[in-house]
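Colleague: I should like to learn how to read a structural model feature by feature. Might we go through one together?

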Amino acid sequence: MPAKVKEIIFSTPVIEMRNDLELDAIIEDYLLGKLNPQETEAFEQLRRNDATVDHKVVSHKFFLESMEAFAEQLRLREQLNHIHGEIDVESLADTLRPHPSKVVQLWRKHKSALAVAASFLVLSLVSVYSIQHNNKQEAIYEKMSREISRVKQSQNNLVLDVRANSMHNSPKKPNPGNFGGTGFAVSTNGYILTNLHVVNGADSLFVQNSKGESFKVKSVYTDPQNDIAILKISDKHFNGLSTIPYTIKKSLSSIGENVYTLGYPKDDIVLGEGSVSSRSGFVGDTTQYQVSILVNPGNSGGPLLDNNGNLVGIISGKQDQTEGAAFAIKSKYILEAMRAIPQDSLGVNRLSANKKSLLTGLKRTKQIEKLEDYVFMIKVY
Amino acid sequence: MNNSLKSSVPTDREVILGILNNSADTLNKLYKGYYAMVLQFILNNNGDEDDAKDVYQEAIIILYNKVKEGNFELSSKLKTYIYSVCRRIWLKKLNLNSKKAGNITDYEDVFAVEEDVEQHEEKDAAFVKMQSALDHLGEPCKTIIQDFYIHNLSMQDICEKFGYTNTDNAKTQKYKCLQRLKKLFFQHQ
């Protein structure tokens with residue numbers, strides 16, 4: 001071979017080269033580094049002098065590189081095929097292919113989603129359990145309130161003392177403890193209106209104002225049909241009230257009207273706010289409104305007022321099973337009840353529907369400041 | 001089978017070092033390590049075992065070349081990389097055959113590997129050209145060339161294998177074949 005190279009390069013001009021094949025062989029040997037230094041130098045000389053040779057070198061270089069990459073890829077593939085042959089594709093595919101059973105397929109596709117769903121399920125089970133757990137207390141309360149509500153079927157009457165019921169059944173028994181509700185003044189000379197179920201069967205009645213002063217009262221009028229009672233302060237320490245700030249609303253309230261109540265579910269006066277949610281009360285009772293105010297035992301008999309300080313009704317109860325549904329006797333029955341009392345005895349400064357409320361335009365806090373003196377806790381012994 | 005395959009998966013670092021050192025053992029473990037994952041993916045997305053083999057081998061080759069070129073940065077888990085590449089290749093094939101590719105069912109995280117796959121496709125086009133040039137060469141040229149350039153047989157071996165009287169004859173034959181092959185190869189350039 002080297003002899004041939006010398007022959008071509010030194011003794012034969014390129015044009016006279018016997019054939020291209022020998023040039024190709026030399027180019028390949030050159031590119032693969034098989035020529036000795038002397039021959040390499042000689043060939044590079046030829047390459048510099050002859051553009052055709054140079055071009056052939058470049059293109060052969062490219063070809064060899066392509067071939068080498070191709071060969072490497074083929075060898076790699078061969079290797080991979082060999083490895084592939086060692087894998088039991090058949091049985092592996094059987095375990096992995098879409099399962100004929102839809103369930104397994106769904107499970108595989110939605111593994112993660114199912115995991116999330118499962119955790120939700122666990123979470124909701126836990127919360128349902130805890131709600132049920134909490135409900136135990138409520139259930140007891142409902143049961144007790146149902147006992148009370150024999151007075152008025154299954155409507156809860158919001159009387160603080162659950163033993164009111166036993167007292168109702170046997171009024172002769174001395175009342176062992178105090179229970180109460182709320183009432184409000186309808187005249188300046190000490191007439192107070194409340195629910196009948198608050199005072200029904202009482203041995204003795206007292207009212208307590210927001211300052212903590214107690215006055216003895218007696219029942220002067222009861223209206224079992226509308227669950228209204230009117231009490232009269234018969235205490236010589238009672239000095240009378242100043243002008244009643246609120247008036248009776250003659251028209252029906254609209255659904256959605258903002259209303260609030262003041263009452264004594266505990267020893268201090270408590271504000272409850274909400275709105276009229278229906279024009280009929282418990283099981284379609286048209287003498288009542290349904291209001292969305294959270295009321296508690298003790299709120300019974302409290303005044304229900306609108307934003308302008310007009311008396312919309314009297315809080316009288318709430319429904320056992322439904323949350324946020326309280327009932328209020330409509331204001332026109334207040335008027336009816338007041339008419340039943342000798343008009344002279346009510347005095348001049350009494351609650352009426354004709355005057356303008358003194359609370360109109362006042363802020364809620366100012367309204368309540370003025371109202372506080374007219375809302376009483378009813379204490380029953 | 002599945003478990004035994006998984007248990008032998010080498011760590012990502014081992015794979016990279018193994019490929020750089022031409023370790024056949026590492027390649028073996030790598031291949032067996034993630035084959036089941038890809039097989040499951042293809043089988044559940046309108047493919048069969050052969051599709052899985054093709055796609056998976058493409059992906060392994062892409063990874064192999066990338067590591068060999070020295071520009072493979074282990075920015076994610078190797079498993080995720082292989083899965084993403086396979087997913088990309090399979091999606092392309094599905095689109096090409098206008099098979100339904102609407103909702104691919106995924107089994108692993110995916111990240112962008114478009115560039116790697118495209119680079120590979122360019123290279124692959126050159127290989128296809130070489131292959132077709134070889135196929136057009138005809139015998140015995142094809143085998144002589146393959147034996148010399150791909151299987152690295154010496155001219156002596158080729159001479160004996162094809163019954164040439166001396167190596168010079170074999171060499172002449174080889175260069176004749178090579179000349180034709182180059183012509184075929186560059187024709188389609």
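**Reading the model, feature by feature**

Modeller: Let us begin with a single residue. With 27 C-beta neighbours inside 10 Å, A:D227 counts as buried, because 20 or more are required for that class. Please keep in mind that this is a predicted model.

Colleague: Where does A:D227 lie in chain A?

Modeller: A:D227 belongs to the loop between β5 (214-223) and β6 of chain A. Its phi is positive, about 60°, although A:D227 is not a glycine.

Colleague: Which residue of chain B other than glycine has a positive phi near 55°?

Modeller: That residue is B:N152, which lies in the loop between α7 and α8 of chain B. B:N152 counts as exposed, because 10 C-beta neighbours lie inside 10 Å. The loop between α7 and α8 (155-162) of chain B also holds B:S154, and B:S154 counts as exposed with 11 such neighbours inside 10 Å. From B:S154 to B:T167 the separation is 13 residues in sequence and 9.9 Å in space, C-alpha to C-alpha.

Colleague: How should I read a strand?

Modeller: In a regular strand the side chains alternate between the two faces of the sheet. In the present case, strand β3 (residues 191-195) of chain A is mostly covered, with five of its five residues buried.

Colleague: In which sense do β3(A) and β6(A) pair?

Modeller: The sense is antiparallel, and five bridges join β3(A) to strand β6 (residues 228-233) of chain A. One bridge links A:T194 with A:A229 in β6(A).

Colleague: And how should I read a helix?

Modeller: An α-helix has 3.6 residues a turn, so residues three or four places apart point the same way. Consider helix α2 (residues 20-31) of chain A: its buried residues are A:L23, A:A25, A:I26, A:I27 and A:Y30.

Colleague: What span should the 12 residues of α2(A) have?

Modeller: At 1.5 Å a residue, α2(A) should span 16 Å, and its end C-alpha atoms are 16 Å apart, so the two values agree. After α2(A) comes A:G33, whose phi is positive, near 70°.

Colleague: How many helices and strands has chain B?

Modeller: Chain B has nine helices and zero strands. Of its 189 residues, 29% are buried. When contacts in chain B between residues at least 6 apart in sequence are considered, 63% join residues at least 24 apart.

Colleague: How is the packing of two helices described?

Modeller: Two packed helices are described by the angle between their axes and the distance between the axes. For α7(B) and α9(B), the angle is about 100° and the axes are 9 Å apart. α7(B) is therefore roughly perpendicular to α9(B). From α7(B), B:C141, B:I144, B:I145 and B:F148 meet residues of α9(B), including B:C177, B:L178 and B:L181. By class, this contact has seven nonpolar, one polar and two charged residues.

Colleague: Which peptide bond in chain B is cis?

Modeller: The bond from B:E139 to B:P140 is cis, with omega near 0°. B:P140 is in the loop between α6 and α7 of chain B.

Colleague: Lastly, how many residues of chain B are in contact with chain A?

Modeller: There are 34, and they are in contact with 29 residues of chain A. Helices of chain B that each supply at least two residues to this side include α3 (24-43), α4 (49-69) and α6 (114-137). The largest share, 10 residues, comes from α3(B). By class, the side of chain B that touches chain A has 20 nonpolar, eight polar and six charged residues.

Conventions: Residues are numbered from 1 along each chain as its sequence is written. Chains are lettered from A and ligands numbered from 1 in the order in which they are written. This is a predicted model: local features need pLDDT of at least 70, side-chain atom pairs count only at pLDDT 80 or more; totals for chains, interfaces and linings use all residues. Two residues are in contact if their C-beta atoms, placed from the backbone, lie within 7 Å. Helices (H or I, at least four residues) and strands (E, at least two) are DSSP runs, numbered from the N terminus. Ala, Val, Leu, Ile, Met, Phe, Trp, Tyr, Cys and Pro count as nonpolar, Asp, Glu, Lys and Arg as charged, and the others, Gly among them, as polar. A residue is buried if 20 or more other C-beta atoms lie within 10 Å of its own, exposed if 12 or fewer, and partly exposed in between; C-beta atoms are placed from the backbone. Two strands pair if DSSP finds at least two bridges between them. Axes are lines fitted to C-alpha atoms, for helices over the stretch in contact, and angles run from 0 to 180 degrees between N-to-C directions. Angles under 35 degrees count as roughly parallel, over 145 as roughly antiparallel, 65 to 115 as roughly perpendicular and the rest as oblique. The expected span of a helix is 1.5 Å times one less than its number of residues.
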